[in-house]
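Let's read a model together, one feature at a time.

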Amino acid sequence: MLSRLLIFIAINFLGLYLGSIFTTGGVNSEWYQTLNKAPWTPPGWVFGAAWTTIMICLAFYMAYAWKLVADRNMLIILFVIQWILNVSWNPIFFQFQYTYSALLIIGILTLVVAYLFFGYFRELKSKTLLVLPYLLWLIIATSLNAYVCVKN
């Protein structure tokens, strides 16, 4: 269990690191600073705290799921898809400023994470709650991205 947990923590934090390469410069860019952002946009520090918590919870979820889920191949495919979508959102939104493409990516990401939550609930029971912060955050983040698309 501990080795799986450490592997998933490393993979998740690698994703956060790769995403931060694009986010840091993007948040400070004139483009982002002048966007009409949603009134419910959290302060910048919340994003770092939220993503750190989410990735730790996801690592625990995956470590438990690896042991308890019957179809590990599908679990890993879903994990890889969510990882790629999560990491790719940052450059699409901040670097290339393709807000509608970013909305599509985060929308699909939200569906994948919703499947991780609802699709494995019977097998993982209360451990599925470890994915709930991710799902809730993605719903908020999707609404923030959608607001940018509509209001800019």
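Q: Is T128 buried or exposed?
A: Start with the cut-offs: buried means under 20% relative accessible area, exposed means over 50%, and partly exposed lies in between, using a 1.4 Å probe and protein chains only. T128 has 0% relative accessibility, so T128 counts as buried. Before going on, note that this is a predicted model, where local features need pLDDT of at least 70, side-chain atom pairs count only at pLDDT 80 or more, and totals for chains, interfaces and linings use all residues. Residues are numbered from 1 along each chain as its sequence is written, and side-chain values use heavy atoms, with hydrogens and water left out.

Q: Where is T128, and which residues does T128 touch?
A: Helices here are DSSP runs (H or I, at least four residues), numbered from the N terminus. T128 sits in the loop between α6 (121-124) and α7. A contact means heavy atoms within 4.5 Å. Not counting residues up to four places away in sequence, T128 touches Y61, L116, F117, Y120 and F121.

Q: Which residues have the most contacts inside the largest nonpolar core?
A: In soluble globular proteins, nonpolar side chains tend to be buried together. A nonpolar core is a set of buried Ala, Val, Leu, Ile, Met, Phe, Trp, Tyr and Cys residues joined through side-chain atoms within 4.5 Å. The largest one has 42 residues, and Y61, F93, Y120 and Y134 have the most contacts inside it. Helices α1, α3, α4, α5 and α7 each supply at least two residues of this core, with α3 giving the most, 11 residues. As for F93, the residues it touches include W31, Y32, N145 and V148, not counting those up to four places away in sequence.

Q: Why does the length of α7 agree with what a helix of 20 residues should span?
A: The expected span is 1.5 Å times one less than the number of residues. Helix α7 (residues 132-151) should therefore span 28 Å, and its end C-alpha atoms are 29 Å apart, which agrees.

Q: Which helices do the buried residues of α7 pack against?
A: An α-helix has 3.6 residues a turn, so residues three or four places apart point the same way. Among the buried residues of α7 are Y134, L138, A141, N145 and V148. The buried residues of α7 pack against α3 (44-68), α4 (72-95) and α5 (99-118).

Q: Which residues does N12 touch?
A: Helix α1 holds N12, which is buried because its relative accessible area is 1%. Not counting residues up to four places away in sequence, N12 touches M55, L58, A59, F79 and W83. N12 and T52 are 40 residues apart in sequence, yet 9.2 Å apart in space, C-alpha to C-alpha.

Q: What is the phi of Q97, and what is that of K125?
A: Most residues other than glycine have a negative phi. Q97 has a positive phi, near 60 degrees, and K125 has a positive phi near 50 degrees. Q97 is in the loop between α4 and α5 and counts as partly exposed at 35% relative accessibility. K125 lies in the loop between α6 and α7 and is exposed, with a relative accessible area of 53%.
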